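Take a slow look at the chain before reading on.

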Amino acid sequence: MESIWRMETDIEKRAALKGNIKAEVAVIGAGMAGILTAYFLKQQGKNVVVLEKNCIGGGQTGNTTAKITSQHGSVYSTLVKYYGEKNARLYARANEAAIDEFRKLIEKENIDCCFEMVDSYLYSQKDDTVLKKEYHSAKKLGLPVSYMEDTELPFDVKGALCFKNQAQFQPLEFVKHISRNLTIYENTEVLHVNGHKIRTNNGNVYADTIVFAAHYPFPRVPGLYFLRQHQERSYVIAIKGVPEFRGMYYPVDKGLSLRWYKDMLLVGGGNHRTGESTLGKGYEGLKKQIDTIYEDYTEVTRWSAQDALSHDELPFIGCFSVLRPYWYVATGFKKWGMTGSMIAARLNTALICGKGNEYVKLFTPQRLHPIASCKKLFTDLGISITGLSKGYFHIPIREKNKPLTGQAKIVRRGFRRYGMYTDNDGELHTISVKCPHMGCELAWNPETRTWDCPCHGSRFTCDGELIDDPSLKGCMKR
């Protein structure tokens with residue numbers, strides 16, 4: 001099913017690239033980060049083109065819950081611990097500034113996108129220890145935070161932190177407006193980037209500067225981003241017929257992410273690493289939690305999203321690699337793609353235009369923080385080794401019978417392994433279960449009926465068509 005944003009927003013279609021062109025700056029990806037970057041660069045007089053393999057806002061921007069907030073879970077106590085108060089304060093200031101940037105831009109362009117300033121709450125239903133630690137850190141950094149024990153939520157909490165003057169909006173209506181005067185080529189898939197040359201399925205683009213803003217940077221070298229972050233999935237169900245409340249809510253434990261939109265409550269949760277088992281998670285787990293709170297409601301729609309999480313808690317924004325000083329990147333926003341996109345757009349625009357920016361060192365992709373990142377790095381390496389070795393050391397039972405209706409399985413035919421899925425009409429779909437990105441074995445996600453890579457997060461339909469990067473091509477259909 002589609003997100004509520006996609007259901008109610010119709011963005012004008014753009015033509016695909018035809019032949020070869022030149023540009024000062026080429027932005028890869030027409031999501032929030034890419035569109036904002038192109039918008040600000042054009043304001044600075046740059047000749048900018050945006051390349052999008054599908055359609056404007058067709059990726060994660062259309063699947064967000066669209067909270068514009070500096071409240072990012074229990075991030076500030078972590079940042080103070082690993083980076084010190086000075087850098088943690090910079091992070092807080094960058095995200096507070098991003099909220100204000102959205103407000104100013106929406107007012108300047110007179111954009112009707114349901115933008116409103118609301119308070120954002122971090123809460124816990126189990127233990128307030130983490131909350132109190134986060135409160136002291138956030139308060140020390142100058143954030144507009146207060147501690148409380150009672151909220152408007154329809155269930156009891158142990159405590160909550162209130163961050164004042166945050167915001168929420170309709171992201172695709174916003175993107176629809178600011179993309180109107182940009183040069184964007186839809187249905188233009190980037191196949192390879194070599195130096196200043198971008199090869200697509202419809203021609204080549206030669207650019208002085210290239211910005212990778214397509215959620216996850218697909219070049220493996222230089223940069224090695226596949227070793228520095230992983231991807232996670234989360235789920236949202238929009239419901240009607242429940243009492244309205246004003247704030248945005250996010251849990252520090254396994255609770256629900258909540259925000260109101262028009263006459264609907266958007267309920268998020270079920271987080272898990274891409275490619276992990278969704279048993280008891282996903283939509284099923286999310287609906288069970290909703291049922292414990294509300295006896296009577298109407299489900300409007302449901303959708304899922306994917307987020308890239310860096311190992312050291314900070315997004316990668318700036319120069320892609322010292323070996324490619326004319327490449328720039330924006331990735332690793334965790335669950336906070338709205339403020340992350342604005343920070344990235346402003347920072348990369350400043351760098352490309354040769355201007356200073358106080359956040360350069362904080363978000364630089366060339367940083368090295370081994371203490372902050374080592375735990376997640378070793379976890380990811382272990383998962384990648386397991387995923388890569390399955391094709392060599394783990395042999396599933398040879399299966400002649402196809403999976404039952406609605407089910408999937410991995411089977412062996414000779415020395416090759418295949419993913420098989422039988423849809424509700426009884427049709428069998430068979431693909432190579434080897435991820436084209438780096439060869440990890442895919443896992444079936446019954447919630448979204450997709451084959452997902454646990455190593456780096458690429459996703460594919462039951463017929464092997466590519467959904468999410470970093471892979472640049474689909475799986476072979478059998």
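Contact here means heavy atoms within 4.5 Å. This is a predicted model, in which local features need pLDDT of at least 70, side-chain atom pairs count only at pLDDT 80 or more, and totals for chains, interfaces and linings use all residues. Residues are numbered from 1 along each chain as its sequence is written, and side-chain values use heavy atoms, with hydrogens and water left out.

Start with Arg459. Which residues does Arg459 touch, leaving aside its neighbours within four places in sequence? Its contacts are Arg233, Thr274, Gln306, Thr448, Thr450, Trp451, Asp452, Glu465, Leu466, Ile467 and Asp468. Arg459 sits in strand β23, residues 459-460. Strands (E, at least two residues) and helices (H or I, at least four) are DSSP runs, numbered from the N terminus. Arg459 has a relative accessibility of 5%, so it counts as buried. Buried means under 20% relative accessible area, exposed means over 50%, and partly exposed lies in between (1.4 Å probe, protein chains only).

Two polar contacts involve the side chain of Arg459. One joins it to the side chain of Asp468 at 2.8 Å. The other reaches the side chain of Thr448 at 3.4 Å. A polar contact is a pair of N or O atoms within 3.5 Å; within protein, one must be able to donate a hydrogen and the other to accept it, and residues adjacent in sequence count only if both atoms are side-chain atoms.

Now find Glu186. It lies in the loop between β7 (183-185) and β8 (190-194). Glu186 is buried, yet it has no salt bridge. A salt bridge is a side-chain nitrogen of Lys or Arg within 4 Å of a carboxyl oxygen of Asp or Glu. Which side chain of opposite charge is nearest to Glu186? It is Lys13, 5.3 Å away. For charge, Lys and Arg count as positive and Asp and Glu as negative, while His and the chain ends are not counted.

What does the side chain of Glu186 reach instead? The backbone nitrogen of Arg14 is 2.8 Å from it. The backbone nitrogen of Ile56 also lies 2.8 Å from a polar atom of this side chain. Leaving aside neighbours within four places in sequence, the contacts of Glu186 include Lys13, Arg14, Asn54, Cys55 and Ile56.

Next come the salt bridges. Side chains of opposite charge can pair when their charged atoms come close. How many salt bridges does a search of the whole structure find? The total is 24. One of them joins Arg93 and Glu358 at 2.7 Å, N to O. This pair links distant parts of the chain, 265 residues apart: Arg93 is in helix α3 (residues 75-109), and Glu358 is in the loop between α7 (337-352) and α8 (360-363). Arg93 is partly exposed at 39% relative accessibility, and Glu358 is partly exposed at 45%.

Glu313 and Lys334 form another salt bridge, at 2.5 Å, N to O. Glu313 lies in the loop between β15 (298-310) and β16 (316-321), and Lys334 lies in the loop between β17 (324-331) and α7, so the pair ties together parts 21 residues apart in sequence. Are these two buried or exposed? Glu313 is buried at 13%, and Lys334 is buried at 15%.

Glu299 and Arg302 also meet in a salt bridge, at 2.7 Å, N to O. Glu299 is partly exposed at 29%, and Arg302 is partly exposed at 22%. Elsewhere, Asp100, Arg103, Lys104 and Glu107 are linked in a network of salt bridges.

Finish with some backbone features. Leu224 is in the loop between β10 (203-212) and β11 (229-240). Its phi is near 55 degrees, a positive value in a residue other than glycine. Leu224 is partly exposed, with a relative accessible area of 36%. Pro222 lies in the loop between β10 and β11, and the peptide bond from Val221 to Pro222 is cis, with omega near -10 degrees.

A cis peptide bond also joins Asp469 and Pro470, with omega about 25 degrees. Pro470 is in the segment after β24 (466-468). Lys262 has a positive phi of about 55 degrees although it is not a glycine. Look for Lys262 in the loop between β13 (257-261) and β14 (264-273).
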